[in-house]
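My entries follow in the order in which I looked things up.

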Amino acid sequence: MHRSLWTMLAAVALPSALAAQGTAPVTHIRNATVITVTNGTLTETDLLLRGGKIAAIGKGLATPGGATVIDATGKYVMPGIVDPHSHLMSDAINEGSLSVTSMTRIQDVLNPTSAGIYRAAAGGVTMINILHGSANTIGGQSATVKLKPGKTAAEMLVPGAPPGIKFALGENVTRKSSNVQAGQQRRYPFTRMGQAEVLRDAFVRAQDYRAEWSDYRAKVAKGTRGLVPPRTDLELEPLVEVIEGKRLVHAHSYRADEMLMLINMADEFGFTIKTLQHGLEGYKIASEIAKHGAGLSTFADSWSYKIEAYDAIPHNAAILVRHGVLTTINSDSDERIRRLNIDAAKQMKYGGLSENEALRLITINGAIQVGLEDRTGSIEVGKDADVAIWTAHPLSVYARVETTFADGEVTFDRQRDLAMREEIAKQRAELERAEPNRGPASGGAGAAGGRGRPGTATMENDR
């Protein structure tokens, strides 16, 4: 099948089919092994999902009238996976024209038809933190979404989620591998020294801006008349929120020295970094990260793909956990996001984490890093009904997801998926029979070099 056709069907046909099914007001999952993450593992246990929440947990729960019943005997239920660093759904990643682009917002360019939404849900993922790219010292504002195929972008945004912003350090910002065209000037900064200056300059300006508004509000409160309010600065407003602890900082970083620089900068301006993203050399300064109070979200075992990743080790996450750092495993990839359960399992080999510690790396710890631990990340009564049913223990390479729920809505169901594959095959056959897609009867220029369908060569060149 041509790639564009598969993308169309996966992004439109599959989610539309799910949406057409509707959502049951109540779901009763029976007789499962329930991995709560925060309160142990419960055998032969029921879950009741009602109104988008986990309504009850226990053995032999009564089935409410009209509920959908799922027999999960021999299966496992765990919290939905949280990915703290994703670019899924983003039709634009980097606004790389300036060193500081804090005024830009990822939520303005979300693509709700991305095929990756459905594929991630098929891997048990329910919530992601969508970050701006790493082309800027201070990038754009992030967006936290629940993955719900067939829904609009606005419907997937998590109401009340703490706002975040992306910072970045190192080679992606300095762009040493980029060629400057003749007549163009290289964008500042070009060194890590320059990055530190950009950060300090931005926060000094934010402090001055904050003081200007504070002075204005104080005068208004005293009844002073005839005042002109300061000009609203969309670049500095988010940085004032950072200083005041109202916006979470997620900072792309690799090397220990640059992470220490940012920690010292944050201490200087009185805020705490929420999450150091990637942080492949975090193990070198684990105690300092813990002292500052930052978390760290890293890869399971990706390293040596560029110079600043040469000192990475697969034991990074385990060492950070042992030093008391709130640690997670992230994808940073529309493909790896489908296998985060296996990435978590690797941490049992690389550092000896327990099963529960490994599972925390992709569930409750991620919820804490985006400020939503009171709502998701573990199976507890009253939390959002973000859960997935697995055929085996989620840390097993043989496990696959049967059903995923986000806010109690079915976002992936394997049986429906298998049925829809047959429908896709029928749609493909119908499309191939259509007149514009038929091959030439014999020879001729339309044979596109013998590829079988007219125009194929042009499509190949356009991809």
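Is lysine 146 buried or exposed? I find that lysine 146 is buried, with a relative accessible area of 3%, where buried means under 20% relative accessible area, exposed over 50%, and partly exposed in between, with a 1.4 Å probe and protein chains only.

I note that this is a predicted model, in which local features need pLDDT of at least 70 and side-chain atom pairs count only at pLDDT 80 or more, while totals for chains, interfaces and linings use all residues. Residues are numbered from 1 along each chain as its sequence is written, and side-chain values use heavy atoms, with hydrogens and water left out.

**Lysine 146.** I located lysine 146 in strand 9 (residues 143–146); helices (H or I, at least four residues) and strands (E, at least two) are DSSP runs, numbered from the N terminus. Not counting residues up to four places away in sequence, lysine 146 touches Thr126, Met127, Met156, Val158, Asp384, Asp386 and Asp407, contact meaning heavy atoms within 4.5 Å. With the side chain of aspartate 384, the lysine 146 side chain makes a polar contact at 3.0 Å (a pair of N or O atoms within 3.5 Å; within protein, one must be able to donate a hydrogen and the other to accept it, and residues adjacent in sequence count only if both atoms are side-chain atoms).

**Cores.** I then looked up the largest nonpolar core, which has 42 residues, and in which Met89, Ile128, Val145 and Leu147 have the most contacts; such a core is a set of buried Ala, Val, Leu, Ile, Met, Phe, Trp, Tyr and Cys residues joined through side-chain atoms within 4.5 Å. Helix 2 (residues 115–122) gives the most to this core, with four residues. Apart from it lies another core, of 39 residues, including Val198 and Phe203.

**Cavity.** I found one cavity of 30 Å³ or more in the structure; on a 1 Å grid over the protein atoms alone, a cavity is a set of points where a 1.4 Å probe fits but cannot get out, a pocket is an open set with protein on both sides within 12 Å along at least five of seven lines, and lining residues have an atom within 4 Å of a point. The largest cavity holds about 40 Å³ of space, and among the residues that line it are Leu280, Phe299, Asp301 and Trp303.

**Pocket.** The largest pocket holds about 490 Å³ and is lined by 21 residues, with Arg119, Ala122, Gly123, Arg338 and Phe412 nearest its centre. Helix 13 supplies the largest share of that lining, four residues.

Key: Grid points are joined across faces, edges and corners, and a volume is the space filled by probe spheres set on the points.
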